[in-house]
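Reader: I would like to go through this protein by asking about one point at a time. Please show me the sequence and the structure before we start.

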Amino acid sequence: MERAAPPPPQLLEIAIEVARGAAATAYRMRTEGVSVAATKSTVTDVVTAADRAVERQITAELRRLRPDDAVLGEEYGAAASGDGPRARVRWIVDPIDGTVNYLYGLTHCAVSIAAEVDGEVVAGVVCNIHTGEEWTATVGGGAWRAGRRLHCSTETDLGQALVITGFGYDAARRVHQARVLTELIPHVRDIRRLGAAAVDLCLVAEGRADAYYEKGLAAWDQAAGALVATEAGLRVGGLKGLAPGPEMVVAAPPALFDALHDRLAALDASGGP
């Protein structure tokens with residue numbers, strides 16, 4: 001008999017407990033000094049020893065608490081899964097979102113953990129490693145920080161919108177993204193590039209910026225943050241009817257989404273390398 005999945009609030013409780021412990025470890029390791037352990041897509045796309053240690057800690061805790069669940073992590077992929085493809089619950093983990101910020105001691109970085117049931121993300125937490133800011137959401141239960149329910153910006157004019165974005169590490173992709181940015185910036189209030197997608201989505205969720213877009217996000221980059229954004233009232237999608245994914249993630253208030261979407265589509269923002 002197939003075991004029922006826990007309700008989203010119960011999964012969120014687990015995610016919060018594990019994320020807080022992981023954030024504490026990441027913070028301690030940063031104060032002790034951080035070193036580059038490897039690189040990924042390019043020499044500027046780094047992995048620190050802390051990324052690996054924190055993901056191992058998260059995986060061990062999830063397996064202790066939920067031994068039959070699957071785990072997908074940025075550093076170790078699905079190799080640490082419990083019951084693999086048969087598991088109804090899968091945890092999507094970014095041990096340190098914003099690794100380059102973390103490496104340089106910049107505070108815009110976080111632990112991100114989402115719980116997915118039967119392919120749908122139903123709970124998520126993003127925990128800032130340095131400040132302790134914690135954004136949470138459950139499907140249908142709203143998005144929250146520090147006991148306050150979050151609501152996105154009410155801006156309706158793209159020309160007055162503060163837009164967050166990010167860049168890939170491949171040089172050719174950056175050239176394309178720079179062109180898109182150059183042609184977009186005259187049509188918005190301003191652009192911010194802060195360097196941690198999960199945190200970016202959470203800032204937009206609470207109206208500290210108006211909208212967000214980025215190409216090249218993996219599942220762990222956006223799973224928890226996109227749920228927080230959606231539950232705060234943002235529309236989250238890709239371009240030209242596609243779901244949000246590696247080609248493009250756009251998060252904007254419903255009144256801004258179409259204008260930003262159409263501008264990005266016209267600029268071929270999901271194209272290029």
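Reader: Where is the place of Asp268?

Author: This is a predicted model, in which local features need pLDDT of at least 70 and side-chain atom pairs count only at pLDDT 80 or more, while totals for chains, interfaces and linings use all residues. Residues are numbered from 1 along each chain as its sequence is written, and side-chain values use heavy atoms, with hydrogens and water left out. Helices (H or I, at least four residues) and strands (E, at least two) are DSSP runs, numbered from the N terminus. On that numbering, Asp268 lies in the segment after α7 (254-266).

Reader: Does Asp268 count as buried, exposed or partly exposed, and why?

Author: Buried means under 20% relative accessible area, exposed over 50%, and partly exposed in between, with a 1.4 Å probe and protein chains only. Asp268 has 38% relative accessibility, so the class is partly exposed.

Reader: What is the phi of Asp268?

Author: Most residues other than glycine have a negative phi. Asp268 is a residue other than glycine with a positive value, near 55°.

Reader: What is the phi of Asp118, and where is the place of this residue?

Author: Asp118 sits in the loop between β5 (110-117) and β6 (120-128). Asp118 also has a positive phi and is not a glycine. The value is near 50°.

Reader: Which residues is Glu116 in contact with, leaving aside neighbours within four places in sequence?

Author: Glu116 is in strand β5 and, because its relative accessibility is 13%, counts as buried. Contact means heavy atoms within 4.5 Å. By that rule, Glu116 is in contact with Arg88, Val89, Arg90, Ile92 and Val121.

Reader: What does helix α1 reach from its first C-alpha to its last?

Author: Helix α1 covers residues 8-32, which is 25 residues. The expected span of a helix is 1.5 Å times one less than its number of residues. For α1 the expected span is 36 Å, and the helix comes close to it, reaching 36 Å.

Reader: Which residue just after α1 takes a positive phi?

Author: The phi in question is about 110°. It belongs to Gly33.

Reader: Is Val249 buried or exposed, and what is its relative accessible area?

Author: Val249 is in strand β14. Not counting residues up to four places away in sequence, it touches several residues, among them Tyr212, Leu217 and Val236. Val249 is buried, with a relative accessible area of 0%.

Reader: Which residues does Gly238 touch, not counting those up to four places away in sequence?

Author: Gly238 is found in the loop between β13 (235-237) and β14 (249-252). With a relative accessible area of 6%, Gly238 is buried. The residues touched are Ala243, Pro244, Met248, Phe257 and His261.

Reader: What is the radius of gyration of the protein, and why does it agree with a compact globule?

Author: The radius of gyration is taken over C-alpha atoms, and the globule rule is 2.2 Å times the number of residues to the power 0.38. With 273 residues, that rule gives a value near 19 Å. The protein agrees with this, at 18 Å.

Reader: How many helices and strands does the protein have?

Author: Both kinds of element have come up above, such as helix α1 and strand β14. For the whole protein the count is 7 helices and 14 strands.
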